[in-house]
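Thanks for making the time this morning.

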Amino acid sequence: MAAAASSAAIPNPSSAFSTASSTTRSPLSILRPSFSFPLRPSPRQSLQISCSTNSKSTAAASPSVTTIDPSLSIPRFSPDEPRKGADILVEALEREGVTDVFAYPGGASMEIHQALTRSRTIRNVLPRHEQGGVFAAEGYARSSGKPGVCIATSGPGATNLVSGLADALLDSVPLVAITGQVPRRMIGTDAFQETPIVEVTRSITKHNYLVLDVDDIPRVVKEAFHLATSGRPGPVLIDIPKDIQQQLAVPDWECEMKLPGYLARLPKPPCQSNLEVITRFISESKKPVLYVGGGCLNSSQELSKFVELTGIPVASTLMGLGAFPVSDELSLSMLGMHGTVYANYAVEHSDLLLAFGVRFDDRVTGKLEAFASRAKIVHIDIDPAEIGKNKQPHASVCGDVKLALQGINELLESKDSKSKLDFKAWRVELNEQKMKYPLTYKTFGEAIPPQHAIQVLDELTNGEAIISTGVGQHQMWAAQHYKYKKPRQWLTSAGLGAMGFGLPAAMGAAVANPGAVVVDIDGDGSFIMNVQELATIRVENLPVKIMLLNNQHLGMVVQWEDRFYKANRAHTYLGDPSRESEIFPNMLKFAEACGIPASRVTRIADLRAAIQKMLDTPGPYLLDVIVPHQEHVLPMIPSGGSFKDVITEGDGRTKY
């Protein structure tokens with residue numbers, strides 16, 4: 001009778017209304033919740049905890065033993081035993097194979113945290129800021145390929161996730177973010193710590209949910225992980241009111257997903273005739289070049305096989321680094337604004353551009369009409385919205401790059417194309433460009449060139465470390481001078497360019513890859529934005545190495561000031577103007593406060609030994625590398641420019 005009484009007090013909305021929103025980037029239709037309870041309740045209305053134990057849910061409550069790995073989900077309840085919505089949520093996460101989450105508690109999410117303490121398989125890595133948590137979940141996902149999970153409370157906790165969600169959407173990172181929400185009866189009343197996070201994140205998530213029925217939790221979690229990892233990966237948000245977390249129910253683990261539109265629109269295997277057109281284009285070309293992006297990270301083997309069969313040189317986007325070994329003789333390294341001259345030369349002079357898993361971003365193309373203007377363009381991407389969005393292709397395949405490459409490789413092998421394709425003259429031409437315009441830098445006395453520091457790190461780690469970065473000059477130098485050998489070594493905020501990404505992303509990577517060497521190459525501006533995560537890596541004893549390229553400035557903005565604003569400094573100095581001769585703030589004190597060993601190096605002669613000590617010291621370590629702020633990232637194609645506008649000389653010591 002108690003259950004019946006509470007149902008009368010707060011009716012359970014139809015399960016269809018648990019889906020709150022989707023964006024134009026997802027084929028899902030937009031469903032807005034239709035509340036069947038007053039959004040502004042009378043003062044006398046009280047919240048009661050109900051027990052949703054009906055015959056339907058009880059009959060279907062037994063977990064499926066055929067699809068669940070017992071090691072990932074150890075039952076804490078008997079099949080027909082009611083349990084809180086928060087416990088249902090945690091068990092649903094276990095059933096998705098989740099072993100690590102990055103969760104920061106608050107009033108509206110504490111039920112979830114209580115449930116997490118009852119889990120035998122899920123470890124919570126406690127960040128010191130929700131933004132640190134979502135960036136850590138991204139680092140986890142980017143380095144492992146598995147979906148990252150972060151949890152925050154309502155209001156400011158939820159809004160602190162916004163940058164990470166936007167970042168994950170732009171870089172196609174599988175992420176599930178769970179937020180607590182005020183109780184249903186308080187939604188829309190401007191309650192304490194209430195924000196409409198579903199509305200706030202509508203355009204920066206692949207999909208999101210507001211759960212209004214406790215019985216929907218198993219289905220919603222199953223759908224969220226499917227959406228985050230299928231098609232073009234991306235972030236999904238689940239917003240769960242506190243009374244739903246507290247409500248008792250018997251979960252139905254056999255529930256089906258309700259995504260008919262989305263599932264119907266997922267790309268099909270590539271058509272054979274389309275692949276034959278691509279192979280014909282290749283056979284007819286004289287100067288082909290591969291332009292590969294983040295969409296190729298899961299098809300590295302197929303890409304390498306394709307290059308072996310064709311001998312076509314490879315230029316990578318910032319997101320695509322590692323999909324093809326950077327040190328390979330056919331690698332042109334990175335193209336775009338700060339790409340190599342020879343990569344951009346190859347695109348400029350090519351007659352066939354094979355664009356695989358890319359989106360023709362403005363930092364790659366510059367002036368769109370001048371980009372690959374001599375070439376036929378083949379575009380393969382899993383997202384139909386990207387095909388023809390910025391650059392119209394001559395042939396396209398909307399589908400999984402991995403399957404497309406497998407099909408193309410089979411066609412090439414059946415035609416014995418390896419003996420027929422001859423691009424030797426083209427490769428010789430590009431090798432001449434490599435010799436003429438190598439990546440170089442100058443040295444000035446005992447000062448440490450930041451590029452040199454990254455090269456030494458590359459040598460001492462044999463190019464095998466997982467590298468994360470913040471955003472700015474250090475990010476571009478890390479892209480240029482570290483020789484990535486395999487996918488998921490390189491973690492950076494590419495599309496959004498979110499400063500503060502490097503340290504928490506390294507934290508997530510260290511959790512996902514125990515035993516791996518993880519190095520955050522950071523700038524002083526980016527590092528200080530999430531410096532609080534030093535506490536997390538110390539408490540968790542995560543062996544994150546931080547190589548801080550400290551120039552006391554916002555280096556990339558300074559570079560633009562030098563080039564385009566007559567070196568007028570507009571709030572880009574990060575030190576103490578009254579003590580310019582001193583390093584401020586003293587980053588070593590931040591490390592000391594968290595019990596992390598740290599040191600500073602100022603002379604090039606001492607650099608190698610300092611980096612080696614950083615790598616050899618067990619656990620976390622911070623190395624403060626003082627570098628000159630006059631350095632510029634070169635080459636550089638100015639925004640909106642084309643290959644003919646490329647800049648290869650000069651720095652902040654020169655007047656423009």
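Let me begin with contacts, meaning heavy atoms within 4.5 Å: in the protein chain, residues 24 or more positions apart account for 75% of the contacts with a separation of 6 or more. Please keep in mind that this is a predicted model, in which local features need pLDDT of at least 70 and side-chain atom pairs count only at pLDDT 80 or more, whereas totals for chains, interfaces and linings use all residues. Residues are numbered from 1 along each chain as its sequence is written, and side-chain values use heavy atoms, with hydrogens and water left out.

The protein chain has 26 helices and 22 strands, where helices (H or I, at least four residues) and strands (E, at least two) are DSSP runs numbered from the N terminus. Of its 656 residues, 56% count as buried, which here is under 20% relative accessible area, with exposed being over 50% and partly exposed in between, for a 1.4 Å probe and protein chains only.

Now to the sheet. There is an open sheet of 6 strands in the order β18-β17-β19-β20-β22-β21, with parallel pairing, and two strands are said to pair if DSSP finds at least two bridges between them. The edge strands are β18 (490-491) and β21 (598-601), each of which pairs on one side only. As a reminder, strands of a sheet pair through backbone hydrogen bonds, either parallel or antiparallel.

Within this sheet I would draw your attention to β20. Strand β20 (residues 544-550) pairs with β22 (residues 621-626) in the parallel sense over 6 bridges, and the partner of Ile546 in β22 is Leu622. Another 6 bridges join β19 to β20, again running parallel, with Gly523 having Leu549 of β20 as its bridge partner.

How many residues of β20 are buried? The count is 7 of the 7, so β20 is largely enclosed by the rest of the structure. Val544, Ile546, Leu548 and Asn550 point one way from the strand, while Lys545, Met547 and Leu549 point the other way, and all are buried.

Helix α20 (residues 473-481) lies across β17 (466-469), β18, β19 (518-523) and β20, running at about 135 degrees to β19, and helix α21 (residues 502-512) lies across β17, β18, β19 and β20, at about 175 degrees to β19. These angles run from 0 to 180 degrees between N-to-C directions, with axes being lines fitted to C-alpha atoms, for helices over the stretch in contact.

Next, two local features. In helix α7 (residues 162-170) the buried residues are Gly164, Leu165, Ala166, Asp167, Ala168 and Leu169, and what covers them includes α5 (130-144), β7 (175-181) and β9 (235-241). Following α7 comes Ser172, whose phi is positive, near 55 degrees.

Met257 sits in the loop between β10 (248-249) and α11 (260-265), and because its relative accessibility is 27%, Met257 counts as partly exposed. Not counting residues up to four places away in sequence, Met257 touches Arg219, Lys222, Glu223 and His226.

Finally, the spaces. On a 1 Å grid over the protein atoms alone, a cavity is a set of points where a 1.4 Å probe fits but cannot get out, and a pocket is an open set with protein on both sides within 12 Å along at least five of seven lines, while lining residues have an atom within 4 Å of a point. By this rule there are 2 cavities of 30 Å³ or more, and the largest cavity has a volume of about 170 Å³, a volume being the space filled by probe spheres set on the points, with grid points joined across faces, edges and corners. The largest cavity is lined by 21 residues, of which Val364, Thr365, Phe371, Ile637 and Phe643 lie nearest its centre, and α15 gives the most to that lining, with 4 residues.

The second largest pocket holds about 400 Å³ of space, and the elements giving two or more residues to its lining are α14 and α20. The largest share of that lining, 3 residues, comes from α20, the helix that also lies across β19.
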